[in-house]
Amino acid sequence: MFCTSMMDLATELGVPSYVFFTSNVAFLGLLFYLQTLQDEQNMDVSELNGSDSELPFPGFVNPLPAKALPTFVIHRDLIPDVRKMARRFRESKGIMVNSFVEIEPHALKSLSHAENIPPIFPVGPILNLKGDGHDQSCSGEFDVMQWLDDQPPSSVAFLCFGSMGSFGEDQVQEIACALEQSGHRFLWSLRKPQPKGTISSPTDYSNLEEVLPEGFLDRTVEIGKVIGWAPQVSVLAHPAIGGFVSHCGWNSTLESIWFGVPIAAWPLFSEQQFNAFQLVKELGLAVEIKMDYNRDFRLEIEPPIVTAEEIKRGMVGLMEPESDVRKMVKVMSEKSRKASVKGGGSSYSSLQDFISHVLGNMP
Ligand SMILES: *[C@@H]1O[C@H](CO)[C@@H](O)[C@H](O)[C@H]1NC(C)=O
Ligand SMILES: *[C@@H]1O[C@H](CO)[C@@H](O)[C@H](O)[C@H]1NC(C)=O
C-alpha cells in the first residue's frame, strides 16, 4: 500500500499490479471517499481539522464524526500524498485487504457499489500466531505465562498499546490509579516514551518504580503484573485474559477478535481513532475509553489527560462478564476462524478469486 510508485515499473514490464492493504475495508473506503470529496467537490479536507461536523461516509451505517478522522488524512502537508495514494489504488487491478466479509459487510458493499474502484479481495484475518521472533527473545515471557496460569478464567485485563505506544508520566499515574481503584486483575505492558521530537519506538523501563506511584507495585502485587514488551499473541490466547485495553491498531484488533477478547478502545495515532469508532459504534466489538484521544506522532504536543475515572469506567464495562460486547466478540471470533477455512471460508474463496483474477490478467 505504500509502494504504489512500483506500479509504473510493473506497467513498463507489462505486469499487472495489485495492492495489499494491511488495514480494514472501511479505512480503504475512507481514503477513496476523501479523494472523491477533493477531486469532485473541490473540498479542502484540511478544514475538517477540529470540526464538530459529521460526514455521510458511505462505508459506515452511522455518520462519521470529523473527530474520528486520522490526523494524517487532514494534515495540510500530507493531504496531497494521501490523495495520490487513493488515485493510484484505483489504477491497480485489485486490492487485497486484511479483513473478512463477515466483520465489515456494509463497508464492502459500499465499495462494490462505488465507481472506478477495482475488485476488493478480503483475505484476512492474516495473523502471525507463532510470534515474530521478538517474542521468543523476550526473557520475561515464561514468567508472564506462568503468572497468567495462576489467574482465574477471563479475570485479567490486558493493557498494551502497540509497538509505538507509550504515555507521559502524568498519564501513567492516572492509569495506575484506575487500576488500583477498579480492583480488576491486570497485566500492563508499560513502555518508556522515545525522546521528544523523534519517531523511534518506545523502550522498556529499567526501573518501573521511577514512573509508577509510590508503593503501587506492592499494593497491587496480589492482582497485577507490570511488564515491558509483551508477547501479545500468547497473552491474548491465554484463558485468563478477559479484556484488552488497546490502541486499536488493526493487527491487534484482529488478534483480539480471533481469541474472542473484548476491547476497550484507547486509540493513539495513525488510523486508530477511525478503527476505534468502527469497533465501538459500528460493530459493537469494543467499549470506549477515549475514542478521540489523539497522540501527536512526534510527541511534541501532550494530549489532554484521560482521567482515572474515565479509564476505570471503560474497564468496568470491558470486564463485565455477560456484556453484549463480550457476546458479540465471541460470535465474531467464530466467524474470523471460519473465514480462512479451506472450502467454504469466505476469505479462502476470496483468495481463490484473487488467484484467478491474476491469472486472467497475465500479459
Ligand atoms: C489542527 O488545528 C490545530 C489548532 O489550530 C493545530 O494545532 C493542528 O496542528 C492542526 N492539525 C492538523 C492535522 O492540521
Ligand atoms: C502486522 O502483522 C504482520 C504479520 O502478521 C506483520 O508483518 C506486521 O509487521 C504487523 N504490523 C505492525 C504495524 O505491527
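Is C248 buried or exposed? C248 is buried, because its relative accessibility is 0%. Buried here means under 20% relative accessible area, exposed means over 50%, and partly exposed lies in between (1.4 Å probe, protein chains only).

This is a predicted model, in which local features need pLDDT of at least 70, side-chain atom pairs count only at pLDDT 80 or more, and totals for chains, interfaces and linings use all residues. Residues are numbered from 1 along each chain as its sequence is written, chains are lettered from A and ligands numbered from 1 in the order in which they are written, and side-chain values use heavy atoms, with hydrogens and water left out.

A disulfide is a covalent bond between the sulfur atoms of two cysteines. The cut-off used here is a pair of cysteine sulfur atoms within 2.5 Å. The structure holds 0 disulfides.

Next, W266. This residue sits in the loop between β12 (263-265) and α11 (272-282). Helices (H or I, at least four residues) and strands (E, at least two) are DSSP runs, numbered from the N terminus. W266 is buried, because its relative accessible area is 0%. Between W266 and P195 there are 71 residues in sequence and 22 Å in space, taken C-alpha to C-alpha.

Now the ligands. Around ligand 1 stand N49, T71 and H75, each with a heavy atom within 4 Å of it. N49 places a polar side-chain atom 2.4 Å from an oxygen atom of ligand 1. On its own, ligand 1 has 360 Å² of accessible area, and the protein covers 39% of that. Such areas come from the Shrake-Rupley method with a 1.4 Å probe; for residues, only the protein chains shown count as cover.

Around ligand 2 stand L127, N128 and N251. N251 has a polar side-chain atom 2.4 Å from an oxygen atom of ligand 2. N128 uses a backbone N or O atom, 3.4 Å from an oxygen atom of ligand 2. The protein covers 31% of the 360 Å² of accessible area that ligand 2 has on its own.

Finish at helix α1 (residues 6-12), where M6 is placed. M6, L9, L13 and V15 make a nonpolar surface patch of about 400 Å².  Patch residues have over 30% relative accessible area and no salt bridge; like charges are joined within 9 Å, and nonpolar side chains (Val, Leu, Ile, Met, Phe, Trp, Tyr) within 5 Å. A salt bridge is a side-chain nitrogen of Lys or Arg within 4 Å of a carboxyl oxygen of Asp or Glu.

Notes
Polar contact = N/O pair within 3.5 Å; in protein donor to acceptor, adjacent residues only side chain to side chain.
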